[in-house]
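Please take a moment with the sequence and the model that follow, and keep both in view while reading.

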Amino acid sequence: MRNRQKEGSQTKVQNQLHYFSLSRSYFNSLKMAWNSSVVMQMGRFLLLVILFLPREMTSSVLTVNGKTENYILDTTPGSQVSLICAVQNHTREEELLWYREEGRVDLKSGNKINSSSVCVSSISENDNGISFTCRLGRDPSVSISVALNVIFPPLLSGNNFQTVEEGSNVKLVCSVKANPQAQMMWYKNSSLLDLEKSHHQIQQTSESFQLSITKVEKSDNGTYTCTAKSSLQTESLDFHLIVKDKTVSVPVEPIIAACVVIFLTLCFGLVARRKKIMELCMKDKDPHRETAL
C-alpha cells in the first residue's frame with residue numbers, strides 16, 4: 001500500500017515537472033517568436049528607410065562646362081569665355097547662383113533654374129586669378145569654381161626721366177605685370193649693370209623691379225634699361241638718369257640769427273642814445289630860475 005502511494009507521489013511529481021518543462025518550453029518559444037517579430041519589424045523599417053531615403057536625400061552635383069571639380073581656365077586678353085553651370089541628380093527644380101569673387105552676379109529670371117550660364121567678355125590682364133563660383137541656391141555648400149588664368153607677355157611702366165643732385169639717393173622703379181612670371185634684369189647704357197654692393201641695391205616683388213642707387217655720382221649718369229624676359233616675349237623700358245652738380249646751399253638759419261642780433265643791438269643803441277640825450281637836456285635846465293613878473 002505504501003509502495004503504491006509512494007509510486008503515485010513520484011508519478012505526480014514527474015507529471016508536475018513535465019508540465020513545468022512544457023510550460024517553460026512554450027514560454028521560450030513565445031519569447032523567441034516575439035523577438036523574431038521585433039527583429040523582422042526593425043528589418044522592415046530599415047529596409048523602408050534604405051529604399052526611400054536616397055530618393056528624398058539625393059545629393060545634387062554641379063558641373064561647369066562638363067567638369068565636376070574646381071578647375072583653372074586658360075585664356076588670353078581680349079577673349080571671351082562662357083561658363084555653363086548645370087545640376088546633376090536633382091529631383092526637383094533647383095535655383096543656381098553665380099558669384100564673381102565674393103560679389104553676386106545678376107542673372108535673368110530664365111537663367112537660374114537647373115542650368116545657368118555667364119559670359120565673361122573683354123578679358124584683360126587684371127582678370128588674371130579672378131574666380132567665378134556657381135552655387136546651389138538651397139545649399140551654398142554645394143558649389144564649383146572656375147579661376148581664370150590670363151596668359152600675357154610682360155607689361156612695363158615707370159618714371160622714365162629723373163634728375164638728381166650729386167650725392168643724393170635715387171630709386172628707379174620698374175612696374176611689371178606678366179603671366180607667366182618674367183625674369184628681370186637691369187642694364188646700363190646697353191650693358192649688363194655691374195652691381196656695386198655698397199652703391200646699388202635691387203628689390204623685386206610680384207609687381208615691381210626696383211634699382212636703388214646710394215649717393216649718386218657723376219659716373220651714374222646714363223640710361224638704365226629694365227628688361228623682362230618670359231616664355232612669351234621679351235620687353236624693355238628705358239630710364240634716363242641725369243646727375244647734376246650739387247648746389248651750394250646758403251645757411252639761412254645763421255643769417256636770420258645774425259640779422260636778429262644786429263637788429264636788437266641797434267634797438268638797444270638807440271634806446272641808450274635817447275636816454276643820454278634826455279639826461280643832457282635835463283642838465284641844461286636851471287631848477288632855481290624863477291620867472292619875473
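A residue is called buried when its relative accessible area is under 20%, exposed when that value is over 50%, and partly exposed in between. The model is a predicted one, and every value given here is computed from it.

With that cut-off in hand, consider Trp186, which has a relative accessible area of 3% and therefore counts as buried. Phe209, at 4% relative accessibility, is likewise on the buried side of the cut-off. A pair of aromatic rings is described by the distance of the centres and the angle of the planes. For Trp186 and Phe209 the centres are 5.8 Å apart and the planes make an angle of 15°, and the pair is stacked.

Lys67 lies over the face of Tyr71, at 5.3 Å from the ring centre, and Arg135 lies over the face of Tyr99, at 4.5 Å from the ring centre.

The next topic is the cysteines. A disulfide is a covalent bond between the sulfur atoms of two cysteines. How many disulfides does a search of the whole structure find? The search finds two, and when the bonded cysteines are counted along the chain, they follow the pattern 1-2, 3-4.

One of these disulfides is formed by Cys85 and Cys134, whose sulfur atoms are 2.1 Å apart. Because Cys85 belongs to strand β3 (residues 81-88) and Cys134 to strand β7 (residues 131-136), the bond ties together parts that are 49 residues apart in sequence. The link is left-handed, with -80° about the S-S bond. Cys85 has a relative accessible area of 0% and is buried, and Cys134 is buried as well, with a relative accessible area of 0%.

A disulfide also joins Cys174 to Cys226, with a distance of 2.2 Å from S to S. This pair links distant parts of the chain, 52 residues apart, since Cys174 is in strand β11 and Cys226 is in strand β16 (residues 222-229). The link of Cys174 and Cys226 is left-handed, with -80° about the S-S bond, and both Cys174 and Cys226 are buried. Cys119, by contrast, has 48% relative accessibility and so counts as partly exposed.

Rolling a probe the size of a water molecule over the atoms shows where empty space is left. The largest pocket has a volume of about 280 Å³. It is lined by 15 residues, of which Val176, Lys177, Ala178, Ser206 and Glu207 are the closest to its centre. Which element gives the largest share of the lining of this pocket? That share, four residues, comes from strand β11 (residues 170-179), the strand that also holds Cys174. Sorted by class, the lining of the largest pocket has seven polar, five nonpolar and three charged residues.

Key: Residues are numbered from 1 along each chain as its sequence is written. This is a predicted model: local features need pLDDT of at least 70, side-chain atom pairs count only at pLDDT 80 or more; totals for chains, interfaces and linings use all residues. Side-chain values use heavy atoms; hydrogens and water are left out. On a 1 Å grid over the protein atoms alone, a cavity is a set of points where a 1.4 Å probe fits but cannot get out, and a pocket is an open set with protein on both sides within 12 Å along at least five of seven lines; lining residues have an atom within 4 Å of a point. Grid points are joined across faces, edges and corners, and a volume is the space filled by probe spheres set on the points. Helices (H or I, at least four residues) and strands (E, at least two) are DSSP runs, numbered from the N terminus. Ala, Val, Leu, Ile, Met, Phe, Trp, Tyr, Cys and Pro count as nonpolar, Asp, Glu, Lys and Arg as charged, and the others, Gly among them, as polar. A disulfide is a pair of cysteine sulfur atoms within 2.5 Å. Buried means under 20% relative accessible area, exposed over 50%, partly exposed in between (1.4 Å probe, protein chains only). Rings of Phe, Tyr and Trp (its six-membered ring) pair if their centres lie within 6.5 Å; planes under 30 degrees apart count as stacked, over 60 as edge-to-face and the rest as tilted. A charge sits over a ring if NZ of Lys or CZ of Arg is within 6 Å of the ring centre and within 35 degrees of the ring normal.
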